[in-house]
Amino acid sequence: MARQARTIIPGQAMHVMVRGNNRETLFFNDADRRIYLDWLRDAAKQFGSAVHAFALMPNHVHLLMTPQNPDSLAKTMQSLGRRYAQYFNQQHHRSGTIWEGRYRSSLIDPDYFLRCQRYIELNPVRAGFESSPQDSTWTSFASHMVGMRNLGWLITNTFGNWVIPLLSDK
């Protein structure tokens, strides 16, 4: 049976999730996480995908992205996935796939955009990896907070100031 085609609408936000094979660890250290984010930035720029939010969990990744073209998201994720898998296998002396199938993606209704962003950025807190979103080093949360980390490539001002709703609904 053929794969079902993805529904991609250029300019429409997508919630993207990719998981480690058999839910195995994708990031063993900060260097792994840094290189993944660097390559996400590069691939998104090269293939025309805006990145609004991210959360790097130990065995999966959540992204909120907007593709500019019908193939932007697929090319971004393909480039990132291939490059990171090769790096990961070399760094950790292993071989084979590191991904559990293809990435998953869902169109996000504009009215749901901020809820999806909040869901992604609070994921480490809900999973018990962090005590508060401010402590999350490997999410985009700090990039959305005034006076905190600015990554420079993350699209942070799509809907203006939304920090209060993010913090008030755990």
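How many nonpolar, polar and charged residues does the lining of the largest pocket have? I worked on a predicted model, in which local features need pLDDT of at least 70 and side-chain atom pairs count only at pLDDT 80 or more, while totals for chains, interfaces and linings use all residues. Residues are numbered from 1 along each chain as its sequence is written, and side-chain values use heavy atoms, with hydrogens and water left out.

By class I read 9 nonpolar, 4 polar and 5 charged residues in that lining (Ala, Val, Leu, Ile, Met, Phe, Trp, Tyr, Cys and Pro count as nonpolar, Asp, Glu, Lys and Arg as charged, the others, Gly among them, as polar). The largest pocket holds about 370 Å³ of space, and of its 18 lining residues Met77, Gln78, Gly81, Arg102 and Tyr103 lie nearest the centre. For the terms, I used a 1 Å grid over the protein atoms alone: a pocket is an open set of points with protein on both sides within 12 Å along at least five of seven lines, a cavity is a set where a 1.4 Å probe fits but cannot get out, and lining residues have an atom within 4 Å of a point. A volume is the space filled by probe spheres set on the points, which are joined across faces, edges and corners.

I then turned to the second largest pocket, with a volume of about 150 Å³, whose lining includes Arg41, Lys45, Gln68 and Trp153.

Last, I noted 1 cavity of 30 Å³ or more in the whole structure, and Asn21, Glu24, Phe88 and Arg94 are among the residues that line the largest cavity.
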